[in-house]
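Here is a short briefing to keep beside the model while you look around.

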Amino acid sequence: MEEQLQRLGHENVACVLTTTSCFAPRGLDRVEDVARLCRASDVPHVINNAYGLHSSKCMHSIQEAHRIGRVDVFVQSTDKNLLVPVGGAIVASSNEPFIQAVAQTYPGRGSISPILDTFITLLTLGRDGFDKLRAERKVRAWFKWKEVFGISSSAGNI
């Protein structure tokens, strides 16, 4: 990636997009390494965290990337993370002027439904309910990988 950025020239790159989570069997990108590279190259870094809000590993990775490198924005899906119908997203950044600019590109055209659904879900769950969902996900993920490893081992693939 570093060679490609040098070849293209950082001024010709709109951004680097990384992904923390998506459909299996793909793992998360090395967002911390990319964040360091983006900081050194002065290239914006966008993280797709569509499925990652319930994953402490994904969230920690984003926090670390932000701490040690450059993360301009990360985007999370409300239906994949917050138990609401399709249609909402959370666009997050520590750069308030950037968030204000994003907000200005979409005023008045969006439905209130995703916001209202998210608000109702968060009020219903509360912090304890949300934390419980994250803990349950971690247990299920561990069980899944244990089973996959066992099947692969018994088939002679490991």
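The charged end of K80 sits over the ring of Y51, at 5.4 Å from the ring centre. A search for aromatic pairs across the whole structure, by contrast, comes back with 0. Please keep in mind that this is a predicted model.

**The chain as a whole**
- The C-alpha trace spans about 50 × 45 × 25 Å along its principal axes.
- The chain has 158 residues, and 30% of them count as buried.
- Among contacts with a separation of 6 or more, 66% are between residues 24 or more positions apart.

**Helix 2 and what it packs on**
- Helix 2 covers residues 31-41, and its buried residues are V31, V34, A35, L37, C38 and S41.
- Viewed down the axis of helix 2, these buried residues fall within an arc of 165°, so they line one face of the helix.
- The background is helix geometry: an α-helix has 3.6 residues a turn, so residues three or four places apart point the same way.
- The partners of the buried residues of helix 2 are helix 1 (2-8), strand 1 (16-19), strand 2 (45-48) and helix 3 (56-68).

- Which residue follows helix 2 with a positive phi? That is D42, with phi near 55°.
- D42 has this positive phi although it is not a glycine.
- You will find D42 in the loop between helix 2 and strand 2.

**Strand 2 and its neighbours**
- Strand 2 pairs with strand 1 in the parallel sense, over 4 bridges, and T18 stands opposite I47 of strand 2.
- Strand 2 also pairs in the parallel sense with strand 3 (residues 73-77), over 3 bridges, where I47 stands opposite F74.
- From strand 2 the chain crosses through helix 3 to strand 3, and this β-α-β crossover is right-handed.

Technical notes: Residues are numbered from 1 along each chain as its sequence is written. This is a predicted model: local features need pLDDT of at least 70, side-chain atom pairs count only at pLDDT 80 or more; totals for chains, interfaces and linings use all residues. Side-chain values use heavy atoms; hydrogens and water are left out. Rings of Phe, Tyr and Trp (its six-membered ring) pair if their centres lie within 6.5 Å; planes under 30 degrees apart count as stacked, over 60 as edge-to-face and the rest as tilted. A charge sits over a ring if NZ of Lys or CZ of Arg is within 6 Å of the ring centre and within 35 degrees of the ring normal. Buried means under 20% relative accessible area, exposed over 50%, partly exposed in between (1.4 Å probe, protein chains only). Helices (H or I, at least four residues) and strands (E, at least two) are DSSP runs, numbered from the N terminus. The arc is that of the directions from the helix axis to the C-beta atoms. Contact means heavy atoms within 4.5 Å. Two strands pair if DSSP finds at least two bridges between them. A crossover is right-handed if, with the strands pointing away from the viewer, the path from the first strand over the helix to the second runs clockwise.
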